[in-house]
Amino acid sequence: MLKGFVFDLDGVITDTARFHYQAWAKIAKDELGITINPSVNEQLKGVSRMDSLNVILRFGNQENRYTESQKAQFATEKNDYYISLISHMTPSDILPGMKQFLDDIKAGGYGISLASASKNAPRILTGLGLTDYFDAIVDPATLHRGKPDPEIFARGAALLKIAPSEAVGLEDAVAGIQAIKAAGEFAVGIGDPKLLHQADLNFTTTADVALPKIVDAFMAAHP
Ligand code: G6P
Ligand code: MG
């Protein structure tokens, strides 16, 4: 039986990917002399701050150039700039359809938790005015492994006190869909269906996301 929803944040509830990209592009250019492009950006989605830096360094063939403390400094600089970019977020930055969707699942009595790799997630939810919808928020600082490891989505269901088989995970990133599936949950992809082909159900945009369609597909998969 479907009992709860485990949400990714960036790219599902709000479009912070553009701010992450803008902040990384600046640090990469100013500090590392690397010009990143949108295909690198795709690899940063759902990936932790330090792992994102490593992806960029690999892209620029600079994998072993910096010490861990220098890398920590770059990550801090990126985050400071990122925070300045997200500091003006308001409920108008909720992606189309997602407020209605959250209202619908709340009204349906389902549990709702957040499984974002972002340490800034609580701050973003506050800006969007959505904090009260969430019964639980996974603290990414307590995780051992990032997406595509199932840990974060497993925790998202556990915090709702439901089994993975009773949970739907929502994701815009390939690594996130893999994490949901590895956790044994029903995966809803939001974005390019070709990219997210491992999802159990896909919506091209957030505006298309509809609770009855998810319930139907979930029930068909759990006869
Ligand atoms: C999300 C985003 C990633 C980001 C990660 C960490 O998963 O999709 O692009 O790197 O969160 O975010 P943070 O706000 O902690 O740097
Ligand atoms: Mg995401």
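This report describes the sheet, the core and the ligand surroundings of one predicted model.

## Basis of the description

The model is predicted, so local features require pLDDT of at least 70 and side-chain atom pairs count only at pLDDT 80 or more, whereas totals for chains, interfaces and linings use all residues. Residues are numbered from 1 along each chain as its sequence is written, while chains are lettered from A and ligands numbered from 1 in the order in which they are written.

## Sheet order and pairing

Six strands form an open sheet in the order β3-β2-β1-β4-β5-β6, and their pairing is parallel. The edges are β3 and β6 (201-203), each of which pairs on one side only. Strands are DSSP runs of E with at least two residues, helices are runs of H or I with at least four, and both are numbered from the N terminus. Two strands pair if DSSP finds at least two bridges between them.

Strand β1 (residues 4-7) is joined to β2 (residues 111-114) by four bridges in the parallel sense, with V6 and S113 as bridge partners. S113 also stands opposite A136 in β3; β2 and β3 (residues 136-137) run parallel and share two bridges. The path from β2 through helix α6 (residues 121-128) to β3 makes a right-handed β-α-β unit. A crossover is right-handed if, with the strands pointing away from the viewer, the path from the first strand over the helix to the second runs clockwise.

Strand β4 (residues 167-171) is mostly covered, with five of its five residues buried. A residue is buried if 20 or more other C-beta atoms, placed from the backbone, lie within 10 Å of its own, exposed if 12 or fewer do, and partly exposed in between. In a regular strand the side chains alternate between the two faces of the sheet. In β4, A167, G169 and E171 lie on one side and V168 and L170 on the other, and both faces are covered.

Four bridges link β4 to β1 in parallel; G4 has A167 as its bridge partner, and F5 stands opposite V168. Another four bridges join β4 to β5 (residues 186-190), also in parallel, and E171 is opposite G189 there. Between β4 and β5 the chain passes through helix α8 (residues 174-182) in a right-handed β-α-β crossover.

The largest nonpolar core holds 59 residues, among which F7, F153 and V188 touch the most other members. Such a core is a set of buried Ala, Val, Leu, Ile, Met, Phe, Trp, Tyr and Cys residues joined through C-beta atoms within 7 Å. Beyond its neighbours within four places in sequence, F7 is in contact (C-beta atoms, placed from the backbone, within 7 Å) with V12, I13, I112, L114, A115 and L170.

A183 lies in the loop between α8 and β5. A183 is buried because 24 other C-beta atoms lie within 10 Å. Residues up to four places away in sequence aside, A183 touches P150, F153, A154 and P164.

## Surroundings of ligand 1

Ligand 1 is surrounded by 15 residues, the closest being R49, A117, S118, K119 and N120. A residue is near a molecule if its C-beta atom, placed from the backbone, lies within 6 Å of it. The shell comprises three nonpolar, eight polar and four charged residues. Ala, Val, Leu, Ile, Met, Phe, Trp, Tyr, Cys and Pro count as nonpolar, Asp, Glu, Lys and Arg as charged, and the others, Gly among them, as polar.

Key: Contact = placed C-beta atoms within 7 Å.
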